[in-house]
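I opened this notebook to record what I looked up in the structure, entry by entry. Each entry keeps to a single region.

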2 protein chains.
Amino acid sequence: MRQSKLFTKTRKEAPKDEVAKNAELLIRAGYIHKEMAGVYSYLPLGLRVLNKICNIIREEMNVVGGQELVLTALQDKNIWEKTGRWSDVVVDNWFKTKLKNDTELGLGFTHEEELTNLMRDHIHSFRDLPVYVYQIQTKFRNEARAKSGIMRGREFLMKDLYSFSKDAKALDEFYQLMKDSYMKIFSRVGIGEKTYRTLAPGGSFSKISDEFQTVTGSGEDCIHICEKCRFAINDDYIKLQPTCPQCGNKELKKETSVEVGNIFPLGTKYSEAFGLQYVDESGLKQPIFMGSYGIGIGRLMGTIVEVLADAKGIVWPESVAPFKVHLISLAQGGGDAKNAADALYKKLTDKGVEVLYDERELRAGEKFADSDLLGLPFRVVISDKTVKAGKVEFKRRTEEKSELISEEELFKKVG
Amino acid sequence: MRQSKLFTKTRKEAPKDEVAKNAELLIRAGYIHKEMAGVYSYLPLGLRVLNKICNIIREEMNVVGGQELVLTALQDKNIWEKTGRWSDVVVDNWFKTKLKNDTELGLGFTHEEELTNLMRDHIHSFRDLPVYVYQIQTKFRNEARAKSGIMRGREFLMKDLYSFSKDAKALDEFYQLMKDSYMKIFSRVGIGEKTYRTLAPGGSFSKISDEFQTVTGSGEDCIHICEKCRFAINDDYIKLQPTCPQCGNKELKKETSVEVGNIFPLGTKYSEAFGLQYVDESGLKQPIFMGSYGIGIGRLMGTIVEVLADAKGIVWPESVAPFKVHLISLAQGGGDAKNAADALYKKLTDKGVEVLYDERELRAGEKFADSDLLGLPFRVVISDKTVKAGKVEFKRRTEEKSELISEEELFKKVG
């Protein structure tokens with residue numbers, strides 16, 4: 001894409017009312033717009049990142065056999081009363097609204113109730129199990145405070161998968177599979193090394209659940225890491241389990257972190273509330289065992305920014321960058337450098353490489369500052385100097401020094 | 001996809017509380033689930049259709065230079081007060097809610113206000129114009145009645161594009177371009193022949209706006225068609241314009257219809273309310289001329305069902321069908337027919353053809369009834385009889401008679 005056509009502008013100053021690093025950088029770079037605390041619009045560059053993260057997650061959910069659907073934001077009070085979760089005392093972050101006839105509705109903060117109720121139309125027999133369904137859908141949570149940028153939204157995109165299994169053993173097998181799937185996702189989006197599977201309290205069905213916590217300087221959580229096992233225990237669970245459950249290590253390291261995912265064995269709590277049963281091989285009715293598996297997409301995007309950004313701006317991993325290459329022309333007016341940059345832009349896009357082409361008439365310093373702020377993985381500069389040398393100037397966002405390389409070498413690096 | 005793995009089931013009876021043909025069929029076929037009147041979840045097959053429609057629209061919006069973003073559902077009262085549209089008297093279909101601190105919020109039913117306000121950060125100079133942005137995003141409308149299935153939702157996906165131009169002439173040029181773009185979209189999704197560009201009243205800026213109305217037996221609207229020009233006038237405008245504005249034809253035909261899209265020249269109403277101006281070539285501040293261009297995605301999907309369905313079920317055009325081929329095995333247990341069906345499923349999917357493979361152990365009659373209800377464009381049957389003949393049985397959903405053809409002929413038809 002030609003940068004002169006991109007409607008968003010970068011800005012030097014962070015917005016005054018924004019204290020979170022992720023949102024400061026993303027707003028300055030034109031990825032997002034703050035509508036109010038915890039409510040952000042995604043502008044074209046931000047939407048590209050969001051979609052890449054979604055597609056990685058979608059691929060991994062399809063690998064484990066997930067079927068994608070989309071449930072609704074508007075929620076029926078009657079359904080939530082079956083589990084007691086309609087109450088604002090039990091659930092403290094409901095947004096509620098009303099139909100014209102004064103019927104109360106909620107805005108979904110999660111979807112166990114709606115989905116369990118829906119599944120009664122589709123699961124009847126052991127032949128229908130297991131079922132794994134997921135959605136990438138907008139959640140609403142009425143957070144009292146929302147100061148963490150896109151890491152804690154009042155409105156945010158979430159992937160939530162729900163599993164329906166015939167017994168506790170089948171649930172556990174799938175649950176173990178999801179642990180690996182989640183670590184693969186965090187690795188693919190570029191924060192695998194900083195992310196720990198973390199033991200956390202469970203609910204009525206299971207003593208434990210699993211969180212996935214990413215170590216950052218600025219998270220809302222705190223975890224205790226066993227560096228031998230790459231395993232952690234969350235702050236709520238450390239009293240019950242003060243040593244590493246895998247190796248017995250007592251030297252756990254305390255770190256500030258962000259919860260980027262959590263998985264939870266639900267057992268029969270929801271299926272019993274809704275009478276969701278199946279008929280087994282011998283003709284007997286049996287309860288269905290459920291699990292839930294969440295990843296906040298905006299939170300994950302914000303965490304990537306927090307973990308990888310440097311003093312100059314955002315640093316995107318290749319897998320989620322809005323464009324792979326930032327091609328910068330330093331041509332003044334027309335001439336050879338402009339022709340060379342135009343030609344390279346065409347060659348790269350013809351090869352299927354995603355390129356943001358900065359052909360704007362601005363000073364080199366401004367363009368480089370924008371490029372660092374935007375954070376695309378590879379910067380390629382074309383100027384009179386590079387044209388004379390028959391080369392292009394190449395630099396990774398994570399490196400300080402650029403190098404002059406040939407077009408062929410460039411295609412190898414970014415192709 | 002193997003149909004035995006698809007968790008959704010078809011059902012024979014329409015749900016009791018559903019009166020709209022589109023929702024009756026889509027619920028019976030397992031494409032959607034009704035949460036409450038006007039609020040529907042999209043199950044895997046339904047989501048596939050929705051995504052195909054979205055991608056066609058997205059392609060056409062990109063062709064006209066649209067940049068995709070996503071605005072928020074939660075709306076700031078202060079912004080809407082600038083245009084007077086916060087009032088429940090002015091806008092009668094708001095859903096409203098509250099933050100913990102009692103700050104009132106709305107759920108967006110459209111996005112002129114939020115977007116115009118946002119654009120103040122990005123449009124400053126004539127060099128920044130024109131800008132065309134669009135989103136495919138969930139709208140909330142508190143409809144007093146919602147009896148038209150997915151054709152009138154209280155929560156529904158909409159594509160809305162907004163144009164920002166330097167003057168009335170530039171707005172008009174883009175507006176004309178969008179008319180063609182819209183007709184192309186309706187043609188690509190399979191309802192081009194039934195859809196008419198329809199003259200409708202405008203607002204303060206322009207006397208007219210344009211609707212796109214699809215003739216159905218069951219719509220909420222009424223239009224007056226000039227069959228010579230393939231042009232129509234809506235019921236509100238017919239008093240002002242009782243003859244075809246293109247050819248003067250007085251013999252207009254009255255038809256029931258559904259509004260599948262509308263485009264609207266907004267002029268400077270919103271840009272003036274928000275002080276969205278640009279500096280022109282001579283350094284003077286000028287107002288920005290806007291237009292808005294909407295298509296309800298769910299409504300479009302519902303209209304396709306209404307227009308094309310027959311007594312046996314849904315009939316999808318190839319372009320939006322969840323799968324292209326419904327491959328039905330009539331093999332009993334294992335044997336040659338099962339092997340042949342498995343092999344054909346593999347060959348078709350290897351060729352990139354989207355296949356729903358019905359390998360369930362059910363009677364032929366049930367499978368054919370499900371197939372008609374689901375409405376995929378091509379039905380291919382494998383049985384002992386077809387295997388003996390060295391052929392496959394092929395039938396289009398729109399035809400009554402099947403034929404025995406070779407695999408090579410099949411690949412030509414569906415490849």
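**Entry 1: a residue in chain B**

I began with B:Thr97, which is buried, because 22 other C-beta atoms lie within 10 Å. I note here that the model is a predicted one. I located B:Thr97 in strand β5 of chain B, residues 95-98. I then listed what B:Thr97 touches, leaving out residues up to four places away in sequence: A:Phe95, A:Lys96, A:Thr97, A:Leu107, B:Leu105 and B:Leu107. I also looked up a distance from B:Thr97 to B:Phe394: the two are 297 residues apart in sequence, and their C-alpha atoms are 54 Å apart in space.

**Entry 2: the sheet that holds β5 of chain B**

I asked in what order the strands of this open sheet in chain B stand. I found three strands, ordered β4-β6-β5, with antiparallel pairing. The edges are taken by β4 (74-76) and β5 of chain B; each has a single partner strand, so one side of each has no neighbour in the sheet.

I then followed one pairing by residue. β4(B) and strand β6 of chain B (residues 104-107) run antiparallel and are joined by three bridges. Opposite B:Asp76 I found B:Leu105, in β6(B).

**Entry 3: strand β7 of chain B**

I asked how many residues of β7(B), residues 131-140, are buried. I counted ten of its ten residues as buried, and thus noted the strand as mostly covered. I looked up two pairings of β7(B). With strand β3 of chain B (residues 67-68), β7(B) pairs in the parallel sense over two bridges, and B:Gln67 stands opposite B:Val133. With strand β8 of chain B (residues 155-165), β7(B) pairs in the antiparallel sense over ten bridges, and B:Phe140 stands opposite B:Glu155.

**Entry 4: the five-stranded sheet of chain B**

I turned to an open sheet of five strands in chain B, ordered β18-β17-β19-β20-β21, and noted its pairing as mixed. β18 (355-358) and β21 (403-405) of chain B are the edge strands; each has a single partner strand, so one side of each is left without a neighbour in the sheet.

The bridge partner of B:Phe378 is B:Arg396 in β20(B). I then asked which strands helix α8 of chain B touches. Helix α8 (residues 336-350) packs on the sheet and touches β17 (325-329), β18, β19 and β20 of chain B, and its direction makes about 165 degrees with that of β17(B). Helix α9 of chain B (residues 364-374) also packs on the sheet, touching β17, β18 and β19 of chain B, with its direction at about 175 degrees to that of β17(B).

**Entry 5: helices of chain A**

I looked up helix α1 of chain A (residues 21-28) and found it mostly covered, with six of its eight residues buried. I listed the buried residues as A:Asn22, A:Ala23, A:Leu25, A:Leu26, A:Ile27 and A:Arg28. These buried residues pack against β1 (32-36), α2, α7 and α9 (364-374) of chain A. After α1(A) comes A:Gly30, whose phi is positive, near 80 degrees.

I next took up α2(A), residues 44-63, and α7(A), residues 297-308: their axes come within 10 Å and cross at roughly 110 degrees. That angle makes α2(A) roughly perpendicular to α7(A). I noted the crossing as right-handed. On the α2(A) side the contact has A:Val49, A:Leu50, A:Ile53 and A:Cys54, which meet A:Ile297, A:Leu300 and A:Met301 in α7(A). By class, the residues of this contact are seven nonpolar, no polar and no charged.

**Entry 6: where the chains meet**

Finally I asked how many residues of chain A are in contact with chain B. I found 39 residues of chain A in contact with 39 residues of chain B. The elements of chain A that each supply at least two residues to that side include β1, β2 (39-42), α2, β5 (95-98) and α4 (112-119). I recorded the classes on the chain A side as 19 nonpolar, nine polar and eleven charged residues.

Technical notes: Residues numbered from 1 in each chain as written. Chains lettered and ligands numbered in written order. Predicted model: local features only at pLDDT ≥ 70, side-chain atom pairs only at ≥ 80, totals over all residues. Axes fitted to C-alpha atoms, helices over the stretch in contact; angles between N-to-C directions. Helix = DSSP H or I, 4+ residues; strand = E, 2+ residues; numbered from the N terminus. Parallel < 35°, antiparallel > 145°, perpendicular 65-115°, else oblique. Left-handed = near helix turned anticlockwise from the far one by under 90°. Contact = placed C-beta atoms within 7 Å. Nonpolar A, V, L, I, M, F, W, Y, C, P; charged D, E, K, R; others polar. Buried ≥ 20, exposed ≤ 12 C-beta atoms within 10 Å, placed from the backbone. Pairing = 2+ DSSP bridges.
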